[in-house]
Amino acid sequence: MEESTAHESWTTWFQLYGPKLLLCARQWTRSLADAEDVVQEAFVRYWRNQRGLPGEPMALLVTSVRRAAFDLARREGRRTTREERASELDDRVAVFHASLDGDERRAAIEQAMQRLPAEQREVLVLKIWGELTFDQIGTELEISPNTAASRYRYALAALRQELKEADCHG
Amino acid sequence: MDEDLKLLEAELTRLQPAAPSRALFARVERQLGAAERAPVVPLRAGAGAARPAWFWALSAPLAAAAALAVMFTRVPTDGRAPSARAEMARAASAGDDSATALKPVAAENVLYAASDEGFVTLDDGTPARRERLRYVDTITWRNPRTNASLTWSVPRDEVRIVPVLFQ
């Protein structure tokens, strides 16, 4: 009975946080497969060892995901610059859940996000889908909260511009 | 932030990130599902310290003792990287009777970098080569009753001076 409850508990958590963590992981890995490896490692580590720690679960999980991504890169000798990683992001797999209405718009947003500078996209993802505050993002990325907020505003503005252009051409 | 950007922000917030694949779920389940017997932490925002403060207060000295044991354990000097699963955790088992009842179950040394830092001359004039080996030592404790576990990872640098013999 207890085992069953525990199982339901982690599945509930994974269903809630898994999609967001995967999206965050994709900012720091080169393929969906790598991102899934990283999420697996981070989530299992969190669930086994860290879930009793004080603090926001999502912030702890994001930190764990980021560390796991860097560990993976180091292990596999893939330490490349952030820009190189961004250019090689696997864009064949949908980043967002497809819905019947507005699927074209979703695709346009995904494409526009791919064209954002990596450091802006990373802040955007952590803020919107990681649900972190600028303070938490600053701590995570080792930048000031003001820098995080600026990158976020630049990202939104660039995204708006990209989408406008896409509307004009499409 | 202008209204236009706020609308875009709201639109982005409504987008749901794609769910992880079934394969990933199955992999996590293999790792957590069957073996998961730990006490359940209720799902709530900002889940705080589910374990009482005494848990951490008693675990920390144990962890520190084990970390010291790892650092002072003699490392074989035959040129091979130390293998995993050393038995050093046994040395850290002092205090098992404490209220935590956590028992060391595994200790690993992982060598992740090695570099040759060149020649040095010892005090007696003997030439030697200096090597730097970088490890992460990881010790795991487990409470057999509740299956709660504690993992402690310590980075460690080891410098070896190897005399050079010219023939």
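This is a predicted model: local features need pLDDT of at least 70, side-chain atom pairs count only at pLDDT 80 or more; totals for chains, interfaces and linings use all residues.

Reader: Okay, helices first. At what angle do α6(A) and α7(A) pack, and how far apart are their axes?

Author: The general idea is that two packed helices are described by the angle between their axes and the distance between the axes. Here, α6(A) and α7(A) pack at about 135°, and their axes are 10 Å apart. Angles over 145 degrees would count as roughly antiparallel, so this pair is called oblique. As for handedness, α6(A) passes α7(A) in a right-handed crossing.

Reader: Which residues of α6(A) and α7(A) make the contact?

Author: On the α6(A) side you'll find A:E122, A:V123, A:L126 and A:K127, and on the α7(A) side A:F134, A:I137 and A:L141. Sorted by class, that contact has 5 nonpolar residues, 2 charged ones and no polar ones.

Reader: And α3(A) with α7(A): at what angle do the axes cross?

Author: Helix α3(A) covers residues 57–75, and its axis crosses that of α7(A) at roughly 25°, the two coming within 11 Å. Angles under 35 degrees count as roughly parallel, and therefore α3(A) and α7(A) are described that way. The crossing of α3(A) past α7(A) is right-handed. In this contact, A:A59, A:V62, A:T63 and A:R66 of α3(A) meet A:Q136, A:E140 and A:L141 of α7(A). Its residues split into 3 nonpolar, 2 polar and 2 charged.

Reader: Now the sheet. In what order do the strands of chain B run, and is the pairing parallel or antiparallel?

Author: As a general point, strands of a sheet pair through backbone hydrogen bonds, either parallel or antiparallel. In chain B, 3 strands make an open sheet, ordered β1-β2-β3, with antiparallel pairing. The edges are β1 (103–121) and β3 (149–163) of chain B; each has a single partner strand, so one side of each lacks a neighbour in the sheet. From one strand to the next, the twist averages 15°.

Reader: How many bridges join β2 to β3 in chain B?

Author: There are 15 bridges between β2 (residues 127–142) of chain B and β3(B), which run antiparallel.

Reader: Where do A:E131 and A:E142 lie?

Author: Both lie in loops. A:E131 is in the loop between α6 (118–128) and α7 (134–141) of chain A, while A:E142 is found in the loop between α7 and α8 (145–169) of chain A.

Reader: Why does A:E131 count as exposed?

Author: Exposed means over 50% relative accessible area, and A:E131 counts as exposed because its relative accessibility is 52%. A:E142 is exposed as well, at 72%.

Note on methods
Residues are numbered from 1 along each chain as its sequence is written. Chains are lettered from A and ligands numbered from 1 in the order in which they are written. Side-chain values use heavy atoms; hydrogens and water are left out. Helices (H or I, at least four residues) and strands (E, at least two) are DSSP runs, numbered from the N terminus. Buried means under 20% relative accessible area, exposed over 50%, partly exposed in between (1.4 Å probe, protein chains only). Two strands pair if DSSP finds at least two bridges between them. Axes are lines fitted to C-alpha atoms, for helices over the stretch in contact, and angles run from 0 to 180 degrees between N-to-C directions. Angles under 35 degrees count as roughly parallel, over 145 as roughly antiparallel, 65 to 115 as roughly perpendicular and the rest as oblique. A crossing is left-handed if the near helix is turned anticlockwise from the far one by less than a right angle, and right-handed if clockwise. Contact means heavy atoms within 4.5 Å. Ala, Val, Leu, Ile, Met, Phe, Trp, Tyr, Cys and Pro count as nonpolar, Asp, Glu, Lys and Arg as charged, and the others, Gly among them, as polar.
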